[in-house]
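Welcome! Please take a look at it before reading on.

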Amino acid sequence: MNVKIEPSWQEVLASEFEKPYFVQVTDFVRKEYGTKRIFPPAKRIFAAFDACPFDKIKVVILGQDPYHGIGQANGLCFSVNDGIMQPPSLVNIFKEIADDLQVQPLQSGNLERWAEQGVFLLNATLTVQANIAGSHQGRGWEQFTDSVIQRISNLRKNVVFMLWGNYAQQKAKLIDGSKHKILTAVHPSPLSAYRGFFGCKHFSQANKYLTDNGLNAIDFR
């Protein structure tokens, strides 16, 4: 199956694209884009992969669904395009960065600046219908992204995984904790951030782990 994706990911995931479930999810998504308003824009479905090649990954942040509001989703979890109001979870992420690293994050909510440094911003489900959260869950995307996480775990080393909230934390079983750093906390949403996301210091912990292993720290501004 011909999937347009960054070359290093194409090589790593080639066998996955041929599996029956992936053919099914592709057919489903194609029909959805043809009949409904779906986010992110079709050309941005694999934006997280295109922005962060497989061999450049230093940090993985896992989201659940793309944003389902108009103009929000840009293919990177928690990220929005320039000029779009920052969603509450992203606001709280920036608050924790400011407190943890004593830096002031940039005004833009577009996290491509992180991806370019090796932060892989993966949603477990890569598409969603406008204004209907979770509308594309259970269609096969999760099987695909679980395989992505497993390949990172198996083929790379010294990667930091930030798992926020119960959903993301369930993915820890896919990761080899003896060769990677797994950081867990509650979700940064306003419903839970005050129960342990604020003060988790994941960003400083990630950078310490990276530098301890001879890698450059991430500028999380």
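A residue is called buried under 20% relative accessible area, exposed over 50%, and partly exposed in between (1.4 Å probe, protein chains only). This is a predicted model, in which local features need pLDDT of at least 70 and side-chain atom pairs count only at pLDDT 80 or more, while totals for chains, interfaces and linings use all residues. Residues are numbered from 1 along each chain as its sequence is written, and side-chain values use heavy atoms, with hydrogens and water left out.

**Salt bridges**

Let us begin with charged partners. A salt bridge here is a side-chain nitrogen of Lys or Arg within 4 Å of a carboxyl oxygen of Asp or Glu.

| Pair | Closest N and O atoms |
|---|---|
| R30 and D27 | 3.4 Å |
| K36 and E32 | 3.0 Å |
| K171 and D146 | 2.7 Å |

Where do R30 and D27 lie? Both belong to helix α2 (residues 20–35), three residues apart, which is about one turn of the helix. Helices (H or I, at least four residues) and strands (E, at least two) are DSSP runs, numbered from the N terminus. R30 is exposed, at 52% relative accessible area, whereas D27 is partly exposed at 34%.

Is K171 buried or exposed? With 8% relative accessibility, K171 counts as buried.

**A network and its arginine**

Salt bridges that share partners also join E16, K19 and R151 into one network. R151 lies in helix α6 and is buried, at 16% relative accessibility. Contact means heavy atoms within 4.5 Å. Which residues does R151 touch, leaving aside its neighbours within four places in sequence? They are V12, L13, S15, E16, F54 and R156. R151 and I175 are 24 residues apart in sequence, and their C-alpha atoms are 9.2 Å apart in space.

**Two packed helices**

Two packed helices are described by the angle between their axes and the distance between the axes. Here, axes are lines fitted to C-alpha atoms, for helices over the stretch in contact, and angles run from 0 to 180 degrees between N-to-C directions. Helix α4 (residues 88–101) packs against helix α8 (residues 202–212) at an angle of about 60°, with the axes 8 Å apart. The two are therefore oblique to each other; angles under 35 degrees count as roughly parallel, over 145 as roughly antiparallel, 65 to 115 as roughly perpendicular, and the rest as oblique. From α4, the contact is made by I93, E96, I97, D100 and L101, and from α8 by H202, F203 and S204.

**Cysteines**

A disulfide is a covalent bond between the sulfur atoms of two cysteines. It is counted here as a pair of cysteine sulfur atoms within 2.5 Å, and the model has zero disulfides by this rule. For C77, the nearest cysteine sulfur is that of C52, 11 Å away; C77 is buried, at 0% relative accessibility. For C200, the nearest is that of C77, 14 Å away, and C200 is buried at 11%.
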